[in-house]
Amino acid sequence: MSVTGTSFGSGDADETVRVRFMVNGRKTVCEVAPRDTLLDCLRDRLELTGTHAGCEMGTCAACLVQLDGRAVHACLMFAVQADGARIDTIEGLTESGAIADLQAEFHRRNALQCGFCTPGMLISAHELLSHNAVPSRETIRDALSGNYCRCTGYEAIVDAIAAVAAARAARKTRDHSS
Amino acid sequence: MTAPLTSLDRPNSYIGRSVPRPNAKRLLAGRGRYVTDVKLPRMLHAAFLRSPHAHAQITSIDFERARALDGVHLVATGADLAKICSPWTGTLDHFKGMISEPQLPLPLERVVWAGQAVVAVVAESRALAEDALELITVHYEELPAVVALDQAREPGTPLVNPESHSNLCFRSQLDSGGVDDAFARAAHVVEEEFSFGRHTPVTLEPRAIIADHDPEAGTLTVHHATQTPYQFQDLYSRHFGIPESRVRVIAPDIGGSFGMKLHVYHEDMAVVGLSILLRRPVKFVADRIESFVSDIHARDHRVRARMALDENGDILAMDVHDVTAIGAFSTYPRTSVVEGNQVIRLIGAPYRFKNYRAVLEVIFQHKVQTSQYRAVGHPIACAVTERMVDLAAARTGRDPFDIRAQNLIADDAYPLTSPTGYKFEALSHQACLQRLRDMMNDDALRAEQTTLRARGIHRGIGIASFVEITNPGPAFYGVGGARISSQDGATISLTPTGEVRCAISVTEQGQGTEAIVSQIVADQLGIAQEHVKVVTGDTEVTPHGGATWACRGAGIGGETALQAARVLKANILQIAALVLQEQPAALDIEDSTIVDAATRLQRLPVAEIARIVYFRSDTLPPGTQAQFTVSHHFAPQGYPFAFTNGIQGCHLEVDVETGFIKLLKHFVVEDCGRIINPMLVDEQMRGGVVQGLGAALFEECRYGDTGQLLNGSLADYLVPMAMEMPDIVIDHLETPTQDTVLGAKGCGEAGTAAASACVLNAVNDALAPFGVSINAIPITPARVLKALGRF
C-alpha cells in the first residue's frame with residue numbers, strides 16, 4: 001500500500017475553461033475541464049442528476065437533453081461545445097410544464113419501472129411530437145429506437161406517447177372549432 | 001381456476017386494482033436519487049486497472065508514478081486489501097461436492113479472467129483516478145487460458161482451479177428410475193442437442209457503490225445499488241470484522257437489477273476496504289465497458305435431451321444432460337450452480353410423465369463469473385422441454401396445441417410431486433392452454449401461414465408452457481448455510497394524524513414493490529392509499545429480511561405487510577373500543593373512520609383515535625398502553641416454493657433471404673395467484689418477455705480464443721430496442737396459494753421463462769417447409785442462413 005499526501009494539483013487536463021450557456025431558462029456560468037462532457041458538467045457541476053449516464057457512447061440515450069430545442073446525447077459532446085447554447089434538461093422541462101401531459105400519461109400507464117431511461121424517453125417523445133403531431137405506433141417505435149429500456153418492454157411507453165398525441169390533436173381540434 | 005371470493009374481493013378493495021405507482025412521479029420528473037447521483041462530503045473516487053489477460057501470473061506491479069500524481073490518495077493492490085478483508089468462497093452445503101477457489105477483493109498472484117480488477121486507485125475525481133491507472137505497469141506472465149466449454153472438459157487441459165483435479169465445479173444427478181425401460185418400450189424417441197449463449201443483464205444504471213467508513217464511530221455506511229441490502233450488511237460485517245449493528249446499507253432508487261446487483265463483486269468489496277484504509281467515503285461506478293467484463297453473465301448451457309413417447313403420443317420419459325460453464329469460480333454468496341440445478345429440475349415440469357433422468361455438470365473456465373439473472377434456469381428448461389414437445393408433435397403427426405392438451409398435467413390432478421421432487425400445490429396448465437388457443441386464434445394463423453407460404457412468406461407460430469418458481473422458502477439458500485433470509489419484516493405505525501407508515505424489508509427496483517405494499521396496507525387498514533407511506537431499502541430503518549429476489553416481493557413481502565397491517569388494525573380497534581365503549585369485534589375501519597362493523601355507521605375518525613393516543617393518553621382508562629407501532633415478521637411455511645404456471649405464444653416472420661426475423665405479436669396467459677395490481681403484473685410480464693426475446697434473437701457475449709470478450713459495449717452487444725419488439729397480449733388466470741392469506745405468488749420471471757422457447761419453436765415452425773431446424777439461441781440471421789444452407 002502506498003498513501004500519498006493530499007496535495008491537490010492539476011495538470012493540463014484539469015485547467016478549466018469558462019462556459020456560458022442558458023440552462024433551463026437561466027444564464028449559467030460553469031468552469032469545466034476541456035475533457036468534461038456536457039453530461040459531466042450537467043450532472044457533477046450543476047447537479048442536474050436527472051440526466052443519466054448509461055453507456056457514454058451515444059447508444060442508450062439515458063443522457064438526452066435538449067440543445068437549442070433538439071435532442072442531443074449529453075455524453076457525446078464536450079461541455080465547451082455547448083458554450084452559448086440553450087440547454088433544457090428533464091428538470092427544466094418538468095418545471096416549465098412542457099411535457100406535463102407526457103409525464104402524466106407515462107405515470108397513468110406505468111410506462112416506466114426503474115426510471116433510469118425515463119428522462120431520455122420523455123425527451124425523445126417530446127421531440128417526436130414536436131414535429132409529428134399524430135405519429136403511428138410504427139413511427140413512435142422508430143423514434144424510440146435509440147432509447148434503451150431494460151425494464152418495460154417498451155409497449156406502455158409507445159401507448160403513452162400515442163395517447164398524448166391523440167389527446168393533443170383532439171385538444172387542437174376542439175380549440176379550432178370553438 | 002378463478003380465485004374464490006374472500007374478504008379481499010370486497011367492492012373498492014385496493015387488492016386487484018390497477019393503481020399507478022405513487023413513487024413513479026419523482027422518477028418522471030428527473031428526481032430519482034440513484035447511487036450514481038449521490039455525493040458525500042470528502043468523497044473520493046475509485047478506478048480499477050483491469051487484467052488484459054484471461055489467465056496470467058502477476059509478476060510485478062509498478063505504481064510509483066501513479067502514486068505521485070497530484071490528486072491521487074491511494075494506490076492499493078491485492079495484498080493491501082487482503083489485510084482487512086477475509087476471503088469468501090462461493091459454495092453452499094446443499095450442493096454436495098461443489099468446489100470453488102476462495103476470493104479476495106483484488107488478486108494476490110494470478111488473474112483468471114480478462115477484465116478482472118487488479119489495482120485500485122483512489123483520487124479526487126474519477127477522471128484523475130483513471131489518469132493514474134495509465135501510469136501503472138503490471139507485468140504478467142501469460143498462462144494458457146481455458147475458454148471454450150469443450151476445451152475445459154478435455155483431459156489434460158490446464159486447470160482453472162490449481163487445487164483441483166479437473167475443471168469440474170459441481171456434478172449432480174437426478175433419476176426417478178424407470179427411464180431406460182421407458183425408452184426401451186417407446187414407440188417414438190426424439191433427440192436434440194441445444195446450445196444457449198452466454199448473455200448479461202445490462203441494467204441501464206451500471207453497478208454503483210459508495211462506502212463510508214467512520215473509524216471514530218466504528219460504523220460503515222454503504223450506499224449500494226442492490227436488491228438485497230440486508231445480505232450485504234451481513235457480508236460487510238463478517239468480512240471486514242465490523243459489528244452488524246454498525247453496518248448500514250442503503251439501497252435508494254436502483255436503475256434496474258434483475259438479479260445482477262445481488263452478487264458480491266470484487267470491486268464492491270475493494271471499495272469498502274478502500275474506505276476503511278482512507279477513512280473517507282469512496283465511490284465507484286462501473287462504466288459500461290467495465291460492466292460488460294465484470295457484471296455477472298448468465299446462461300451458457302449445452303443440453304442434450306431425449307424424449308420417449310408411446311404409440312398414442314403420450315410422453316413417457318425424458319433423459320437430459322446439461323453442461324454449463326460458469327467462469328473461473330462460483331459466485332458468492334448464492335453460487336453459480338443454481339441455474340444448472342434449476343434447469344435439470346424444471347425440465348419437463350408442466351407435463352405428466354413420471355420417468356426422468358438428468359445429469360448436470362458445472363465447469364470452470366477463464367471467463368467472468370456467471371450467476372443468477374432473471375428467470376434463473378427457466379428459459380433453458382423451458383426451451384429444451386418445449387422444443388422436444390414440438391419435435392414429438394412433428395414425429396407423431398400432432399398439432400402443437402393438441403400434443404400439449406394431451407400431455408400437460410390435468411388441472412384437477414393437484415397436489416402432486418414432479419419426478420424431480422418439486423411439490424406443486426395447484427397449477428392451471430390446461431386452462432391456460434385453452435385460453436391461449438382462443439386468444440391467438442390458432443386456426444386463422446395456420447390458414448394465413450399456408451396462404452403466405454405459397455407467396456414465399458414464411459411465418460411461424462410457436463407456443464411454450466412453463467412453470468415458475470416463486471416465494472422461495474429456506475430450502476433455497478438457508479439450508480445450504482447461506483445467510484440469506486427467506487422471511488421478511490415490517491414495522492408499521494399509525495402516525496399522530498392518522499396516517500400510516502410501513503417500513504418493510506422487501507425492496508424496490510421499479511417493479512412496484514412500494515405500490516403493492518401500500519395497496520395491501522391501505523386495503524387491510526381501511527385507510528386511503530395516499531395516506532400510506534412505504535419505506536424500503538435501508539437496513540437502519542426496516543427489520544431484517546430477504547428483500548427482493550427470485551420472485552418474493554408480492555408473495556412474501558405482501559403477506560408480511562398484510563399480517564402487520566392486521567395486527568395494527570387490531571390494536572387500533574382495541575383503543576377505539578375503549579373510547580367508544582364497544583367490543584373491538586363490533587368495530588371496523590373504513591375510509592379512515594371507525595365504523596360499526598355490522599351497520600357500517602361512522603363512529604369516529606381514526607385520526608381522532610391517534611390524537612387521543614399520542615397526546616391525551618390521560619383520557620384513556622388507567623393501564624392502557626396503546627401499541628400503534630407494530631413490528632411483524634412472516635416466514636413462508638407449507639410448500640417450499642409457490643409454483644406458478646402459464647403459457648406463451650409467438651407469431652413471427654422469417655426472411656429466408658436475409659435470415660432476419662420479424663416478431664409480429666407475442667401472447668401470454670399466466671397464473672400468478674392473487675393479483676394485487678393487474679397493471680403492474682402486466683408490465684412485469686412485458687418487461688420479462690422482452691428480456692427473453694433479446695436472449696432469443698440478439699444477446700450473446702462473444703469470446704475470442706484467448707478469452708477476450710469481443711463485443712463488450714452497447715454498440716456491439718445487441719439488446720432489444722423498441723423497433724424490433726412486438727406488442728404483447730396478456731391474459732391471466734388466478735389460482736391463489738393457500739399457504740398465505742393474501743394468496744399471491746410471483747410474476748417477475750414468467751415473461752423471460754418462456755419467451756425464447758416460443759421464438760425457437762416459431763422459427764422452426766416457419767422453417768419446417770425447408771426441412772431444416774435450429775437448436776441454438778440466440779437465433780441470429782447467420783444461424784438462420786446457415787440452417788438454410790445459404791451462408
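Predicted model: local features only at pLDDT ≥ 70, side-chain atom pairs only at ≥ 80, totals over all residues.

Residues are numbered from 1 along each chain as its sequence is written, with chains lettered from A and ligands numbered from 1 in the order in which they are written.

Chain B has 20 helices and 29 strands, where helices (H or I, at least four residues) and strands (E, at least two) are DSSP runs numbered from the N terminus. Of its 791 residues, 59% are buried, that is, 20 or more other C-beta atoms, placed from the backbone, lie within 10 Å of the residue's own.

Let us turn to the helix pair. The axes of H16 (residues 553-580) and H17 (residues 606-615) of chain B come within 10 Å and cross at roughly 85°; axes here are lines fitted to C-alpha atoms over the stretch in contact, with angles from 0 to 180 degrees between N-to-C directions. H16(B) is therefore roughly perpendicular to H17(B), a term covering 65 to 115 degrees. In H16(B), B:Ile572, B:Ile575, B:Ala576 and B:Val579 meet B:Val606, B:Ile609, B:Ile612 and B:Val613 of H17(B), contact meaning C-beta atoms, placed from the backbone, within 7 Å.

Finally, the contact between the chains takes 52 residues from chain A and 58 residues from chain B. On the side of chain A that touches chain B, H3(A) gives the most, with four residues.

Technical notes
Parallel < 35°, antiparallel > 145°, perpendicular 65-115°, else oblique. Contact = placed C-beta atoms within 7 Å. Buried ≥ 20, exposed ≤ 12 C-beta atoms within 10 Å, placed from the backbone.
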